[in-house]
Amino acid sequence: MQDNKKKTFFLKNSLDLQNYLKKIYDCLKIFLDSSQNICIFSEKKEIYFLNNSLNFLKNLDFFSKEVNLIAKLIEQACLKTFSLSGNGTTLTSLFSTKLMLDSLKFLLLGYDSIFLSNGFSKIAYFSAERINHYSIEITKLSQLASLIRTIFNRKEYKQIKKLLITLVLNFKKDGVILVEDSTSDKNEIEIYQGIEIEKGYISSYFINDFKSFEVSYKNPYILISKHSIASIEQLEEVIKFCKKKNRALIIVTENIEKSVLSELILKNIKKHLKIAVIKYNSIKFLNTEILNDLSILTHSNYLNTDPKKFTVNDLGNAEKVILKKTKSFFIVSKFSKLISMRKIKELTKKSLLAETEHEKETLKMRIARLSGNIAKLKINKFLINSSEFEFVKTKIHQSIDGLKSAIEEGILPGGDSIYFLYSKELVYWSTINLVGDEIISSKLIFSLLKDLFNEFLPFTKLKSSRKSKKKNFSYNFTKKRIVNCFKDGFIKPSKVLRGVFWNALTLVSSILKAV
């Protein structure tokens with residue numbers, strides 16, 4: 001009875017699903033050329049510029065609920081890849097859409113969805129293992145500079161790329177880079193002492209910078225609480241003091257009652273008080289001791305706060321605080337560096353005496369956090385086309401995420417050479433490890449890779465070239481010639497590719513199980 005329901009569902013919806021998925025796939029292919037700015041027209045004749053396939057997927061809306069559901073699932077897979085490595089959304093969406101489209105055709109021919117699902121799941125593990133095997137460890141700073149050139153892949157922004165390379169040479173991997181408008185007539189870098197935490201503002205009503213949709217305050221007071229804030233009376237003395245000094249208040253707390261939050265939001269909207277609230281996750285934040293480190297850098301009284309009433313003595317300071325939806329940045333004074341250095345020496349001694357690996361890793365993380373810097377890359381809008389400013393900002397953030405990913409897991413040659421190498425190993429591995437209809441999933445992946453590069457690259461030239469058979473040589477679509485990937489700056493972080501294969505294959509596997 002259940003099989004009949006499944007069959008009826010696909011007989012009724014298969015043509016629509018295939019049609020829509022084909023259209024999505026054709027549109028996504030445009031994003032493979034990252035050097036172009038892509039825009040779409042809405043029904044209201046408004047123009048939207050799209051930086052990547054993720055923005056495109058967010059703007060999709062179909063009449064079919066099934067297609068909308070699949071589009072949202074693909075969007076979530078892209079978000080997972082992006083959160084992992086800061087890139088790879090286009091390939092994740094392409095892989096997911098094409099594999100789902102081809103799988104649907106085979107299901108209609110009577111192939112078992114469970115076998116196909118199992119095949120994709122097994123290949124996901126195989127792919128992660130092989131990509132780690134291919135990965136080359138970063139040993140030279142020139143490799144990181146090449147990665148920046150690869151991500152930008154355009155000649156117009158030479159000065160900005162030089163500034164980023166300067167940051168790579170002088171900046172630690174745990175540092176944070178913010179992109180801002182420059183008030184001077186040139187692009188420049190400013191380095192600050194600061195800290196980043198993985199939590200943002202609790203409510204969008206606190207936003208005061210509507211261009212970038214973030215909370216930004218200069219010289220705010222910082223209140224870090226390990227206790228729940230249950231009433232506004234607890235904050236009465238602190239609020240009066242902040243209003244008197246006409247300075248903003250940033251509250252970092254484990255829990256805050258809705259009634260208190262509503263009252264603070266109202267005060268902010270009426271401009272009676274500049275305020276923002278960050279609500280942290282207790283277990284994660286306490287285990288890593290990030291709040292302790294934040295209190296050290298901001299000189300706030302975190303450990304000894306009275307749960308009944310907060311006082312002026314509990315407040316800390318920061319030169320600037322920027323709160324985004326999922327992250328917060330605290331830029332602190334230069335004097336904080338002296339305090340942090342003392343704490344770093346203390347933690348270094350503890351790490352030498354630590355007995356467990358977990359304790360050692362936690363102490364290493366704290367040392368990196370306390371010694372970390374925040375860099376501001378200030379870009380003059382007038383030196384570039386103003387309409388491309390957001391494009392440049394996106395590319396800079398991609399460069400930073402790519403650098404961090406490359407340092408963590410290494411790099412791979414760009415283009416298609418790694419895919420051909422992977423395809424050959426996949427065919428051999430599949431014949432030994434896959435059973436029955438599971439082998440179809442392997443053929444679908446092989447077909448996907450072949451179709452992609454047959455369509456977008458001069459495959460005949462590449463196939464006939466002796467250089468293309470070598471691991472580190474590939475065809476550079478922008479320069480239209482075969483290049484040595486590492487010498488020519490045509491590389492990518494292995495973490496990106498691992499995220500692409502894992503998230504795309506596990507998504508398709510999960511959908512097929514639910515069919």
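Lys-495 is buried, because its relative accessible area is 10%, and buried means under 20% relative accessible area, exposed over 50% and partly exposed in between (1.4 Å probe, protein chains only). The model is predicted: local features need pLDDT of at least 70, side-chain atom pairs count only at pLDDT 80 or more, and totals for chains, interfaces and linings use all residues. Residues are numbered from 1 along each chain as its sequence is written, and side-chain values use heavy atoms, with hydrogens and water left out.

Lys-495 lies in helix H18. Contact means heavy atoms within 4.5 Å. Neighbours within four places in sequence aside, Lys-495 is in contact with Leu-84, Ser-85, Ser-405, Glu-408 and Glu-409. Gly-410 is 85 residues away along the chain, yet the C-alpha atoms of Lys-495 and Gly-410 are separated by 7.5 Å.

Helix H18 covers residues 494–514, 21 residues in total. From first C-alpha to last it reaches 30 Å, close to the 30 Å expected at 1.5 Å a residue; the expected span is 1.5 Å times one less than the number of residues. H18 is mostly covered, with 16 of its 21 residues buried.

Of the 515 residues, 51% count as buried. Among contacts with a separation of 6 or more, 78% join residues 24 or more positions apart. The chain exposes about 26600 Å², of which carbon and sulfur atoms supply 54%. Accessible areas come from the Shrake-Rupley method with a 1.4 Å probe; for residues, only the protein chains shown count as cover.

A nonpolar core is a set of buried Ala, Val, Leu, Ile, Met, Phe, Trp, Tyr and Cys residues joined through side-chain atoms within 4.5 Å. The largest has 54 residues, and Phe-95, Tyr-422 and Ile-445 touch the most other members. Helices that each supply at least two residues of this core include H1 (2–28), H4 (89–108), H15 (417–433) and H18. The largest share, 10 residues, comes from H18. Another core, of 51 residues, lies apart from it; Ile-197, Ile-207, Leu-223 and Phe-330 are among its members. Sequence neighbours within four places aside, Tyr-422 is in contact with Ile-123, Phe-126, Ser-127, Tyr-134, Ile-445, Leu-449 and Phe-501.

An open sheet of 4 strands runs in the order E8-E7-E6-E9, with mixed pairing. Its edge strands are E8 (275–279) and E9 (316–317), each pairing on one side only. Two strands pair if DSSP finds at least two bridges between them. Strand E7 (residues 249–253) pairs with E8 in the parallel sense over 5 bridges. Ile-251 has Val-277 in E8 as its bridge partner. Helix H11 (residues 290–298) packs on the sheet, touching E6 (221–225), E7 and E9. The direction of H11 makes about 150 degrees with that of E6. Axes are lines fitted to C-alpha atoms, for helices over the stretch in contact, and angles run from 0 to 180 degrees between N-to-C directions.

Strand E10 (residues 320–323) is covered on both faces. Lys-320 and Ile-322 on one side and Val-321 and Leu-323 on the other are all buried. Strand E5 (residues 215–218) pairs with E10 in the antiparallel sense over 4 bridges. Lys-218 has Lys-320 in E10 as its bridge partner. E10 also pairs with strand E11 (residues 328–332), antiparallel over 4 bridges. There, Ile-322 is partnered by Phe-329 of E11. E10 and E11 form a hairpin with 4 residues between them.
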